[in-house]
Amino acid sequence: MQSNITANEIRKDFPVLQRKINGHPLVYLDNSATSQKPLQVTETMKRYYENHNANIHRSVHKLAEEATEIFESSRKNIASFINANPEETIFTKNATESINLVAYAWGLGLQKGDEIITTIMEHHSNIVPWQFLASRGIKLKFIDITDDGLLKIDQLENELNSNTKLVAVTHVSNVLGTINPIEDISSMAHNAGALCLVDAAQGAPKIKIDVKKINCDFLAFTAHKMLGPMGMGVLYGKKELLEKINPFNYGGDMIRTVTKEGSTWNDLPWKFEAGTSNVSGAVGLSTAIDYLKKIGMENVREHDKNMMQYAIDVLSTIKGIKIYGPLTAENRSGALSFNLGDIHPHDLATILNDKGIAIRSGHHCAQPLMERLGVPATSRASFYIYNTLEEIDRLAEGLEHAKNVFKIE
Ligand SMILES: Cc1ncc(COP(=O)(O)O)c(C=O)c1O
C-alpha cells in the first residue's frame, strides 16, 4: 500500500486478526461477505452508548440533543464521503433494504409494459426486488457478460428503449470482482430517458464514490462491508426524485402532521426513516469512513489492486484451477472466485479452515450468475486493507494441500 499506513500496521487495530484457528494464525479472506471492524469503530460505538444514548429528534433533554447531533453529524460525514447532500442520504438497515426502498417507493408507480434492465452478475438483492415488480407487470431484462466476466455494454445499448425506466447495475460484482463502467452506464440510461441505480455494496468499500460524477439517480451501500457495523445501510437518491416519490415505511418520525383523516410527510431525508433509527450504526459507519479517509481511498484501491494482481498471478500457476472473471486487477476489485479440479467448494473451504484460512464457498447470492458460469458454486477469496501478500501465499499453499488430500494431479 503506497501509504504511510501499511497493512501490517493496520492489523493492530483489528483484534480478531490476532486469533488462531485450528492452531494456525487466522487468514481472513471473506471480506466480500463482511469486513472486520477496527477498534476505533467498536470503541466509538461503545462510547456513544456509555455517554450519550437517547432517542433522537424527540426529547429536549441534554442526552437527546447530543444523540441527535451525533446522528446528524454522522450523516453529514457519510454524505460528504460520496459527495452527496445530507438530505439525499437516507439511512436504512443495509444495501438490500436501500434497493427495496426504491422498488417499493418508486417502483410501485410504474405502469404495465415499463421495463427495468439489470445484469446477470447481480447479487440477489439487485434482482429479487425487481422480480417483485415483474410479478406486477413490469418487464425485467438481464444483460449478459462476456466469457471474461465483463458486462456486454453493446447488449445494454440494444436493450435500452423508450419503455426502459431503470437500469439497476452493480458497481463491483461480488463473485467476478468485475468493476463496471457505471458512469457510462448511467449516461446511457439517461440518454434513453431511464434512471440509473448503482449497487455499491462491493464498490464503496474500495473505490472512491462520487455520486455527482457518476450522475446516478440512486446508489445503495452497506456499512458492514466497509469496516462499519451490521444493520446499517445507506440509500443516496437525487433530491428531486426523493421529493416526488412516496415513503417506503410509515409511522413515527417520518411524518409532519397526523390527524385521524390522514398524514403529511416530514422533510428529506426523514420522510424515509420511519421509527427509531440506528444511531450507533450511523456513528459506527461515520467512524469507519474516517478510518478509510485517513488511509486515503486511492491507497485503499492501490492495495486492492496489488492484492488482486498478486492473487491472480499466484493462483493461476496452480494446475487445475479455474478462475472466474477478468484476469487483470485494473478492472477487478476485491473478490476472486475459482474452482479447483472437481473438489466441491464446500469441501475446499473446510480443508482451508483446518489451516486457519477463511474463504466463502457456495453461490454467493448470485444464482443466475452461477447458471451463466455453468457451475453450482465457486470458492471465493476476498481481500481488504489488512490482508497481506503472505496471506495469499498461505492460500496457495492451502490449495496445494487440498489437491494432495483429494489426490488431484
Ligand atoms: C453486490 C452486493 N449487493 C448487495 C449486497 C447485499 O448487502 P446487504 O446484505 O448488506 O444488504 C451484497 C452482499 O453481499 C453484495 O455483495
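Biologist: What makes Gln40, Val41, Thr44, Met45, Tyr48 and Tyr49 in H2 residues that meet H10?

Modeller: Two residues are in contact if their C-beta atoms, placed from the backbone, lie within 7 Å. By that test these H2 residues meet Val279, Ser280, Val283, Gly284, Thr287, Ala288 and Tyr291 in H10. By class, this contact has 8 nonpolar, 5 polar and no charged residues. Ala, Val, Leu, Ile, Met, Phe, Trp, Tyr, Cys and Pro count as nonpolar, Asp, Glu, Lys and Arg as charged, and the others, Gly among them, as polar. The model is predicted: local features need pLDDT of at least 70, side-chain atom pairs count only at pLDDT 80 or more, and totals for chains, interfaces and linings use all residues. Residues are numbered from 1 along each chain as its sequence is written.

Biologist: How do you know that strand S7 is largely enclosed?

Modeller: A residue is buried if 20 or more other C-beta atoms lie within 10 Å of its own, exposed if 12 or fewer, and partly exposed in between; C-beta atoms are placed from the backbone. In S7 (residues 164-170), 7 of the 7 residues are buried, so the rest of the structure largely encloses it.

Biologist: What makes S7 and strand S8 a pair?

Modeller: Pairing requires that DSSP finds at least two bridges between two strands. S7 and S8 (residues 195-199) run parallel and are joined by 5 bridges. Val169 stands opposite Val198 in S8. Strand S5 (residues 115-119) also pairs with S7 in the parallel sense, over 3 bridges. There, Glu115 stands opposite Thr164 in S7.

Technical notes. Helix = DSSP H or I, 4+ residues; strand = E, 2+ residues; numbered from the N terminus.
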